[in-house]
Structure formats: structure tokens, C-alpha cells
Amino acid sequence: MPSVLPEGDPVPQDGTLPTAALSEVGDRPFGLYVHVPFCTVRCGYCDFNTYTAEELGEGVTRRTYAEQAVAEVRLARRVLGERDLPVRTIFFGGGTPTLLTPDELGAVLGAIRDEFGLAADAEVTTEANPDSVDLGYLERLRAAGFNRISFGMQSAVPDVLATLDRTHDPARVPDVVAAARAAGFDQLSLDMIYGTPGESLADWRTSLESALACEPDHLSAYSLIVEDGTALARRVRRGELPMPDEDDLADKYLLAEESLTAAGLGWYEVSNWARPGAECRHNLAYWRGDDWWGVGPGAHSHVGGVRWWNVKHPAAYAARLAEHVSPAHAREVLDGDTRRVERVLLEVRLREGLPVAVLDDGGRAAVADLVADGLLEPDTAERLVLTTRGRLLADAVVRDLLA
């Protein structure tokens, strides 16, 4: 089942934010994340807050979900006040957002447009499984205002997909990519996973070649993490599957870097590559510590140094909104040092680098050794940028910078 929500401080029933947080609204770019917590099948590696029909139980249906999401969008407008706050990025994730109809997704997007307005160049993304859409669906989605789509490809090798409990036919990926192009989407992304038990380096090469043959604008490649509580973790614990090997993961990352760079996709975050101008602006907002409101069960938000998270289960989420009560489960107010630490954690992962000014004296003292070890690029006068080796050891770099 999905992971447990963290504890935190109580949230007022109307969702009111502290005055200090509200005073910062509009100082940074603002976006919305919309979590759609439904899947037809639970993948064995997934610990996201998602539910199949059987897990939802009686009395909960995805057919009413768009109305609930719209209600939270309207709550967001009330909480944030009347300040001009055009939305720059919107990301529908899941789960599988495209289990909702284009009209339902369009209704949520329309509510965001009506309540906040959209920036002229707003990036509007939805995730999709390759087997959840066709040309007609994509045309209607594009007409509703979505201009970017991210397909969960994961692998092009059937045996690897089977180990992950992914049910789509990998041969369908080029077809849905072509359909998205035909429907007029401005940008197209593919999500990949490497390091699945049993996946060879040749398998990963096949997956990369298949993905690049689709000519994506953007590609995310994440190493498989065996999360506690998942079916995959239970299989590993029983000895049915081996744990991912760190050396194997490093070899596959380096192969991705080589292949994607040669194809014209440059890294802009440790696990993300894009053609120039096709970087995911919504995810960049997370890594830069901008403001966003997370709509949906279990969704997290951050505004003005306050972070909060919604109740997990769709039934509890729906009940809160029906009672005109904030669906937030708890929150935390981040102090200045915590915000600085989080900047180090996130911004060091970016190609644009971490401003040296963010570091304390101990962090600055660690820079020379990190350069000498080949983990940071030599020019550290203003910003710290990871080398390729540094990307493989990014967590260690962060530990040294925060020691």
C-alpha cells in the first residue's frame, strides 16, 4: 500500500496560511500539481498514493473526482486571496490521469484557468500510460488546453516490463507518440526506469534506442528503488529477485548520458535530459523552491515557506471537501535554515548549479576537496555544478556540503 504520511502541525479547517507566507505569494513563480490517484493495476515497484478499483472500496468512484479537484482549486483561490497570480505550470500526475476522460481533465484545467488565469506561455502537462490513450482521446485533450504529455514507457523489453508489473505493449509506444504529435502537443516526454532485476546492459541499451527512435523532446531516466511495503520489496526479501546492484546502476546511468547526449538531449537535472528549451518547467519549479498548490489525495503543496500535505485516501479527501473543510492533513512552517538546506539538496542537482552564496562556512570549505575528487566542475566562483561522476555521487556531495 502507499507510504504513510508524515506527522506535522495542525491545519486550520479553512486552510488559512500564516500571514508571513501569504506576504510572499507572487514573489516566486506559481504552479499547480493535480494528483489523480487511480490505476487499473498496481505496479509492483510503486509506492505512490494510488488505488485500483478494488482498493478504493465501495462508495468511492473516479467519476466524481474531477468535481472534488475543482472544489479544491476554488479553495486554493480563497486561501491565496485575490492577488494576481497567473499559473505558469500545471502538472497532472498519478496514478494514471488519463483514466479520467478528456472532459473531466479539461474541467479541472478550466477551473484553474477561471480562478487564477494562465500565463501566456503556461506549460500544461499530463502523464499517460501508453495503453490509456488513442488519437481521438489525445485530440480532445489537446483541445482542452494540454500542451505537454509524458508517457510512462519505463522499458522496451517485455521481460523487464513484466518484472515491473507494467501491462502495456512496448510496441505501442511509438504509436501513441506519433498520435500525440498528430494531435498537436508542443512537447513530448518519456519516463524510463533502469536497474530492474534481470535487466541486462543490453536490455537497457535496447530501451534507450527504442525511446530515442521516438524522437522525444524530453526524457527522464530514474534508477529503480525498492521501496518498503511494495510487492517488489516482498519479492526481493523472499529471495525471488536480487536487489539492484550499484555498479550496474552506474553503468546504466553512464550509458544513458552517452546515448542521450549524442542524440541532442542535454542533462539539466541529474535524472532528466531535454532538447534545448524543452526542460520541464514544472519540475524545475520544485527543484528551485518555487510555490505550488498540490490538488488531490496525498498531494503536497509549498507556498511561502509553508509545506502541507492532504489526507491520503480518496474517500477521506472527498468527505473533507463535501463538508467545505480543507483536505490538508498536516503542515510544517520551514525556518530559514531548513529552507537553505533544502536549496542545497535540490539545486545542486541542476545543470545551472547551486549558488555558492547559499553555503555556510563549512560548505564552502568542502568545495575544494570536491573539485579535487572530480565531483564538481573546477569553476566554482559563483555556482557549483556536478561533473558526470558527481552526478553518480550526488548524495555524497550534498552530505559534504552540509556537513
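Analyst: Thirteen residues, written as 13 residues in the count, line the largest cavity, and Val11, Gly15, Trp308, Ser326 and Ala328 lie nearest its centre. A cavity is a set of points on a 1 Å grid over the protein atoms alone where a 1.4 Å probe fits but cannot get out; lining residues have an atom within 4 Å of a point. The model is predicted: local features need pLDDT of at least 70, side-chain atom pairs 80 or more, while totals for chains, interfaces and linings use all residues. Numbering runs from 1 along each chain as its sequence is written, and side-chain values use heavy atoms, without hydrogens or water.

Helix 3 (65-80), strand 11 (306-310) and strand 12 (328-333) each give two or more residues to this lining. Strand 11 supplies the largest share, three residues. Helices (H or I, at least four residues) and strands (E, at least two) are DSSP runs, numbered from the N terminus. The volume is about 70 Å³, the space filled by probe spheres set on points joined across faces, edges and corners. The structure holds one cavity of 30 Å³ or more.

Now the rings. There are ten aromatic pairs, with ring centres of Phe, Tyr or Trp (its six-membered ring) within 6.5 Å; planes under 30 degrees apart are stacked, over 60 edge-to-face, the rest tilted. Tyrosine 33 and phenylalanine 91 are stacked, at 6.4 Å and 25 degrees. Tyrosine 33 lies in strand 1 and phenylalanine 91 in strand 2, so the pair ties together parts 58 residues apart in sequence. Phe38, Tyr65 and Tyr317 form one aromatic cluster.

How values were computed
On a 1 Å grid over the protein atoms alone, a cavity is a set of points where a 1.4 Å probe fits but cannot get out, and a pocket is an open set with protein on both sides within 12 Å along at least five of seven lines; lining residues have an atom within 4 Å of a point.
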